[in-house]
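I opened my notebook to keep a record of what I looked up in this model. I wanted each entry to say plainly what I found and by which cut-off.

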Amino acid sequence: LLGELITRLAPQLTAAFGVGADTAAEMLIVAGDNPQRVRSEPAWARLCGVAPIPASSGMTTRYRLNRGGHRQANAALYRTVIVRMQHHQPTKAYVARRTAEGKTKAEIIRCLKRLLAREIWTLMRPLREVAKTEKSAA
C-alpha cells in the first residue's frame with residue numbers, strides 16, 4: 001500500500017537507484033505538508049542531518065555530520081547509501097576513488113549521504129512547484 005501511494009504521489013523518488021518506498025516516504029514526511037518551506041538545498045541537508053560541520057583541529061582538516069536534524073531521514077539516507085555502495089557501479093567507482101585519496105569509510109559515507117540529499121532535493125522539485133501553485137491559487 002505504501003509503495004502504491006508513493007508511486008502515485010512522487011514516482012520520481014522511487015525511480016532513483018536504491019530509494020525504496022520506505023525512504024521516499026520518509027523524505028516526504030520530512031518535507032511535510034508544505035515542501036516549499038525548505039527554501040534551499042543546504043537547508044534540506046541540514047534538516048536531514050547531513051550538512052557537514054567543520055571538525056578540524058591542529059593540522060587536520062576534516063568534517064563531520066550535523067547531529068541535529070531528522071534522525072529517521074538520516075537513517076533512510078544511510079540505508080540507501082549502503083545499498084548503492086554494494087550494487088551501484090558509479091557509487092562503487094566513487095568509493096574506490098575516495099579510498100585511494102585516503103578517505104575513511106565513514107568520511108565517504110558522509111559525502112555520499114550529502115550527495116544523496118542533494119539528489120533527493122532535486123527530485124522533489126515537482127512537489128515543491130505543485131505546492132507553490134496550489135498556495136498561490138488559494
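The entries below go from the whole chain to single residues.

**Ground rules.** I am working with a predicted model, in which local features need pLDDT of at least 70 and side-chain atom pairs count only at pLDDT 80 or more, while totals for chains, interfaces and linings use all residues. Residues are numbered from 1 along each chain as its sequence is written, and side-chain values use heavy atoms, with hydrogens and water left out.

**Overall layout.** I found 8 helices and 2 strands in the protein chain, where helices (H or I, at least four residues) and strands (E, at least two) are DSSP runs numbered from the N terminus. Their order from the N terminus is α-α-α-α-β-β-α-α-α-α. The C-alpha trace spans about 55 × 30 × 20 Å along its principal axes. Of the 138 residues, 38% count as buried; buried means under 20% relative accessible area, exposed over 50%, and partly exposed in between, with a 1.4 Å probe and protein chains only.

**The core.** Which residues touch the most other members of the largest nonpolar core? They are Met27, Trp44, Cys48, Leu77 and Ile120, in a core of 34 residues. I noted that such a core is a set of buried Ala, Val, Leu, Ile, Met, Phe, Trp, Tyr and Cys residues joined through side-chain atoms within 4.5 Å. Two or more residues each come from helix 3 (21-31), helix 4, helix 5, helix 6 (89-100) and helix 7, and helix 7 gives the largest share, 8 residues. As general background, nonpolar side chains tend to be buried together in soluble globular proteins.

**Helix 4.** I listed Glu41, Trp44, Ala45 and Cys48 as the buried residues of helix 4. They cover an arc of only 100° around the axis (taken from the directions from the helix axis to the C-beta atoms), so they sit on the same side of helix 4. These buried residues pack against helix 3, helix 5 and helix 7. Just after helix 4, Gly49 takes a positive phi of about 80°.

**The tryptophans.** I found 1 aromatic pair in the structure. The rings of Trp44 and Trp121 have their centres 6.3 Å apart and their planes at 35°, so the pair is tilted; rings of Phe, Tyr and Trp (its six-membered ring) pair if their centres lie within 6.5 Å, and planes under 30 degrees apart count as stacked, over 60 as edge-to-face and the rest as tilted. Because Trp44 lies in helix 4 (residues 41-48) and Trp121 in helix 7 (residues 105-123), the pair ties together parts that are 77 residues apart in sequence. Trp44 is buried at a relative accessible area of 1%, and Trp121 is buried at 12%.

Is Cys48 buried or exposed? Cys48 counts as buried, at 0% relative accessibility. Leaving aside neighbours within four places in sequence, Cys48 is in contact (heavy atoms within 4.5 Å) with Met27, Val30, His70, Ala73, Asn74 and Leu77. Asn74, in helix 5 (residues 71-87), is buried too, with a relative accessible area of 6%. The C-alpha atoms of Asn74 and Cys48 are separated by 5.5 Å, although the residues are 26 apart along the chain.

**Disulfides.** My search of the whole structure gave 0 disulfides, a disulfide being a pair of cysteine sulfur atoms within 2.5 Å. The sulfur of Cys111 is 16 Å from the closest cysteine sulfur, in Cys48, which is too far for a bond.
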